[in-house]
Amino acid sequence: MHNLSLRLRSFAAALLALLIFIPLTAVTLEQAFNSSLSQSMLQQLRVQSLTLISEFELENTDNQAVMPEQLYNDQFNIPGSGLYAFIQSHEGVLWQSLSTLNWQQQPEFIPPDTGSEAFIEDFLMQNSYFLYAYTAEFETDQGYQPISFYILQDKQVFNTEKSKFANTLWNWLGLIALLLLILLLVSLNAALLPISRLNKQIRQAESGHLKRIDQRYPPELEKLKSSINHLLDTEQQQRSRYKNSLSDLAHSLKTPLAVLSGTANLPEQAKEPINQINLQIQRQLKRAVAGTTSTFEQAIPIKPVVDKLFNAMHKVYADKHLTLNQDIHNQNLGFHGDITDLMEILGNVLDNACKAAAKQVKLSVATSQSKLLIYIEDDGPGIPKDKRQQLLERGTRLDSYKDGQGIGMAVVADLVSAYQGQLEIKQSDLGGAKLVLIFPTKV
């Protein structure tokens with residue numbers, strides 16, 4: 001969740017809200033519609049019951065029900081119409097509508113109390129029915145007798161209407177949800193557009209195409225813009241002061257050392273320490289300057305640097321007739337740093353590889369998981385595991401590298417570390433040593 005973009009987080013939150021809101025809305029509307037249909041059905045059956053009560057008569061002689069042959073509502077007169085009526089006393093059924101002519105099963109009713117009504121929304125027999133019942137009292141010779149009136153309405157029409165409403169509701173809500181998603185995406189893109197513009201300008205500043213972020217942004221982002229511009233200005237000023245101070249230091253040390261080295265009758269044993277001091281000063285100055293280039297800077301193409309170094313190595317080691325191979329498939333691979341530092345790193349490593357190589361040296365460049373990988377291999381005697389760390393220590397020189405002061409690889413290690421990189425020494429498939437330079441890439 002922490003790695004999700006703001007756009008994806010906002011869209012996920014909106015989608016979750018829709019997934020909760022749309023079904024809840026549909027369920028609420030369905031229940032409201034069903035309740036409304038049920039109440040409407042109750043009113044209709046209540047009216048039908050009053051109609052039956054108004055047309056019903058009870059003969060006092062034998063307590064027989066007297067009803068018209070044809071009722072006002074034709075559905076009571078048509079068998080299987082879906083609307084059925086029963087009139088019942090405590091002795092049994094007194095009358096039933098012609099619509100029940102084909103019924104083979106006599107329903108069992110529970111009469112409500114006198115003067116009360118009952119409404120059952122799911123009265124089960126062979127089918128499901130609405131049942132409305134009402135009990136009224138009629139005067140007879142034996143006194144008042146309760147008579148119950150039952151109206152049954154087949155639920156098939158009700159269920160059909162409910163299904164049609166549900167289908168229509170879900171179709172429209174689905175369309176509304178789709179339109180809302182589109183609207184949310186458009187609104188989200190419009191809301192995040194300033195952030196995208198700011199991100200684009202930051203990338204341009206990283207690549208060296210912009211010195212400052214100059215576009216106008218909403219008030220919420222203006223403070224961030226000011227902070228980034230302040231950071232850029234401060235970094236530029238610090239780098240300028242740092243380089244100037246180092247340049248002054250290098251000049252102030254260079255002249256006294258040159259005078260000291262050129263002193264007449266300088267003892268032979270003093271020349272070596274003076275040379276070492278000079279090398280150490282160069283190394284420490286290089287170490288201080290390394291990695292001080294701005295992170296907001298365009299990457300340096302690696303291949304042109306490798307081509308120059310290969311040409312130099314061919315000339316320096318012409319007598320060895322070495323084969324120098326490079327494997328850089330992507331011509332756009334670059335090093336985020338100072339070109340002088342890159343020349344220093346690759347120059348030292350290639351020089352040591354050429355010294356150790358018998359016939360072949362290979363340089364490869366690749367990227368993996370936001371890292372720049374540079375491999376330098378040779379077919380020389382290799383470097384024993386127990387001596388690999390020594391090669392990176394100050395002033396250490398292995399027998400494979402007979403020339404030099406042993407400073408080169410330590411400088412390489414310092415430069416790589418200054419760029420938050422790593423230097424690894426392994427065994428090459430060519431038979432010799434394999435040095436791996438690992439640098440983080442700017443995203």
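Biologist: Which residues make the nonpolar surface patch of about 850 Å²?

Modeller: A patch gathers residues with over 30% relative accessible area and no salt bridge, joining nonpolar side chains (Val, Leu, Ile, Met, Phe, Trp, Tyr) within 5 Å and like charges within 9 Å. Accessible areas come from the Shrake-Rupley method with a 1.4 Å probe, and for residues only the protein chains shown count as cover. Here the patch is made by Trp172, Leu175, Ile176, Leu178, Leu179, Leu180, Ile182, Leu183 and Val186. This is a predicted model, in which local features need pLDDT of at least 70 and side-chain atom pairs count only at pLDDT 80 or more, while totals for chains, interfaces and linings use all residues. Residues are numbered from 1 along each chain as its sequence is written, and side-chain values use heavy atoms, with hydrogens and water left out.

Biologist: Where does leucine 183 sit?

Modeller: Leucine 183 belongs to helix H2, residues 156-206. Helices (H or I, at least four residues) and strands (E, at least two) are DSSP runs numbered from the N terminus. The chain has 8 helices and 14 strands.

Biologist: Now the sheets, please. In what order do the strands of the antiparallel open sheet stand?

Modeller: Strands of a sheet pair through backbone hydrogen bonds, in a parallel or an antiparallel way. Two strands count as paired if DSSP finds at least two bridges between them. In this sheet, 5 strands follow the order S4-S3-S7-S6-S5. Strand S4 (92-96) and S5 are at the edges with a single partner strand each, so one side of each has no neighbour in the sheet. From one strand to the next, the twist averages 25 degrees; angles run from 0 to 180 degrees between N-to-C directions, with axes fitted to C-alpha atoms, for helices over the stretch in contact.

Biologist: How many bridges join S5 to S6, and how many join S6 to S7?

Modeller: Strand S5 (residues 117-124) and strand S6 (residues 128-140) are joined by 6 bridges and run antiparallel. A hairpin of 3 residues links S5 to S6, and alanine 118 has alanine 133 as its bridge partner in S6. S6 and strand S7 (residues 143-154) pair over 12 bridges, also in the antiparallel sense. There, leucine 131 is opposite leucine 152 in S7. Helix H1 packs on this sheet, touching strand S3 (83-89), S4, S5, S6 and S7, and its direction makes about 30 degrees with that of S6. Contact means heavy atoms within 4.5 Å.

Biologist: Which residue forms a salt bridge with glutamate 117?

Modeller: A salt bridge is a side-chain nitrogen of Lys or Arg within 4 Å of a carboxyl oxygen of Asp or Glu. The structure holds 4 of them. Glutamate 117 pairs with arginine 46, with the closest N and O atoms 2.7 Å apart. Glutamate 117 is in strand S5 and arginine 46 in helix H1 (residues 6-55), so the pair ties together parts that are 71 residues apart in sequence.

Biologist: How should I read the accessibility of glutamate 117?

Modeller: Buried means under 20% relative accessible area, exposed means over 50%, and partly exposed lies in between (1.4 Å probe, protein chains only). Glutamate 117, at 38%, is partly exposed. Arginine 46 is partly exposed too, at 22%.

Biologist: Which strands does helix H5 lie across?

Modeller: Helix H5 (residues 302-316) lies across S9, S11 and S12, and runs at about 175 degrees to S9. Helix H6 (residues 339-356) touches S9, S11, S12 and strand S14 (433-440), and makes about 25 degrees with the direction of S12. The open sheet of 5 strands here has the order S9-S11-S12-S14-S13 and mixed pairing. Its twist averages 15 degrees from one strand to the next. Strand S11 (residues 360-367) is joined to strand S12 (residues 371-378) by 7 bridges, running antiparallel, and leucine 363 stands opposite isoleucine 376 in S12.
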